[in-house]
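Hi,

Here is the structure I said I would pass on.

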Amino acid sequence: MRKSLKLGALSAILGMGMILGACGGKEEAASPTSGDDTGKSEATESIGEQVDYKIIGIDPGAGLMNKTAEVIKEYQLDNWELVEGSSAAMTAALKKAYDKKEPIIVTGWTPHWMFAKFDLKYLDDPKGVYGKDEEIHTIARNGLKEEDPNAYSVLEKFEWTPDDMAEVMVAIYDGKEPEEAAKEWVEKHADKVSTWTDGAEKVDGKNLVLAYVAWDSEIASTNVLAEALKGLGYKVEMLQVEAGAVWSGIAGGSADASVAAWLPTTHEDYAKQFEGKYEDLGTNLVGTKLGLVVPSYVEINSIEDMLK
Ligand code: PBE
């Protein structure tokens, strides 16, 4: 009861905004995606019509993409399309729509700088397809523990918070090179970094390969860990690959480790496929979330609203 009252008030406010917006000029009132002259206003168009039944996705190897395909099935969003692209293309599309106050639905996750830079909301997922209690794990190749216990101990101790990660991500978004942003974070948070390197010995240019995907969150974590290891004298190679290649690289031994394993749900398929061929070193970050994300001016609150 209370909720529906609130929703009513909200749409009244949003509706008013739209009328005011319409006074500002014809363009703002026009439908952003259909472009045809049906005379339908945004207010009467369904969310599907407004966004052309498109969900803006990321790289096809991402767990988020598998989960979103599952969402389309589970919620019977039959006429919806999940658009493949990349992390960078998704955030570019979001920024473009956001700047013009146009409706858009993207696949999103936390931690991510987009929540600091835009006013966004997750759509409720009453069927729980995106899962809960997700964590980011560090994984390593079998044998690393014996061959380089020093690096292994740092990998095992590496752990930080969503706020830490967001700090690096926002610095990168604001224009810093990832390496530079990571270096500055490592300097500023020397105390935290020392809890990872505690007890580890300095080495002289020993090689270590960290595999990752170009997701904004993993660009941040991999660069920060690489800086911490470089501080010990490691020569760190950051191997940027597709999601599947992170796992197969570690399973095959061409990569030493990765801090990009989202478990138990997001990378469930990879974890199963490579079971026994990698070592799980435990959690490096808790407090993640996956889902469909819209700017808060978009008038829907649940994935179920996409059926209307
Ligand atoms: N992500 C970010 C990844 C894991 C890290 C949510 C885009 C994925 O979906 O696989």
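Ser-87 is buried because 22 other C-beta atoms lie within 10 Å of its own (buried means 20 or more such neighbours, exposed 12 or fewer, and partly exposed anything in between, with C-beta atoms placed from the backbone). You'll find Ser-87 in helix α5 (residues 87–99). Leaving out residues up to four places away in sequence, Ser-87 touches Ile-58, Asp-59, Ala-214, Trp-215 and Asp-216; a contact here means C-beta atoms, placed from the backbone, within 7 Å. Ser-87 and Ile-56 are 31 residues apart in sequence, with 9.9 Å between their C-alpha atoms.

Before going further, a word on what you're looking at. This is a predicted model, where local features need pLDDT of at least 70 and side-chain atom pairs count only at pLDDT 80 or more, while totals for chains, interfaces and linings use all residues. Residues are numbered from 1 along each chain as its sequence is written.

As for the whole chain, the secondary structure comes to 14 helices and ten strands. Those are DSSP runs numbered from the N terminus, helices being H or I with at least four residues and strands being E with at least two. Of the 308 residues in the protein chain, 36% are buried. Among contacts with a separation of 6 or more, 81% come from residues 24 or more positions apart.

Gln-76 sits in the loop between α4 (63–74) and β2 (81–83), and it counts as exposed because it has 9 C-beta neighbours inside 10 Å. The C-alpha atoms of Gln-76 and Glu-304 are 9.4 Å apart, though 228 residues separate the two along the chain.

Now the helix packing. Two packed helices are described by the angle between their axes and the distance between the axes. Helices α10 (residues 178–188) and α12 (residues 216–231) pack at about 60 degrees with their axes 8 Å apart; axes are lines fitted to C-alpha atoms, for helices over the stretch in contact, and angles run from 0 to 180 degrees between N-to-C directions. That makes α10 oblique to α12 (under 35 degrees is roughly parallel, over 145 roughly antiparallel, 65 to 115 roughly perpendicular, and the rest oblique). On the α10 side, the residues that meet α12 include Trp-185 and Val-186, and their partners in α12 include Ile-219 and Val-224. This contact of α10 with α12 has eight nonpolar, two polar and three charged residues. Nonpolar covers Ala, Val, Leu, Ile, Met, Phe, Trp, Tyr, Cys and Pro, charged covers Asp, Glu, Lys and Arg, and the others, Gly among them, are polar.

Helix α9 (residues 162–173) also packs on α10, with axes that come within 9 Å and cross at roughly 140 degrees. These two are therefore oblique to each other as well. Among the residues in the contact are Val-168 and Ile-172 of α9, and Ala-181 and Trp-185 of α10. By class, the contact of α9 with α10 has seven nonpolar, no polar and two charged residues.

Last, the strands. Strand β10 (residues 289–295) has five of its seven residues buried, and strand β3 (residues 106–110) has four of its five buried. β3 and β10 pair antiparallel over five bridges (strands pair if DSSP finds at least two bridges between them). In that pairing, Trp-109 has Leu-290 as its bridge partner, and Thr-107 stands opposite Leu-292. Strand β4 (residues 120–122) also runs antiparallel to β10, joined by three bridges, with Leu-120 opposite Pro-295.

Cheers

Methods: Two residues are in contact if their C-beta atoms, placed from the backbone, lie within 7 Å.
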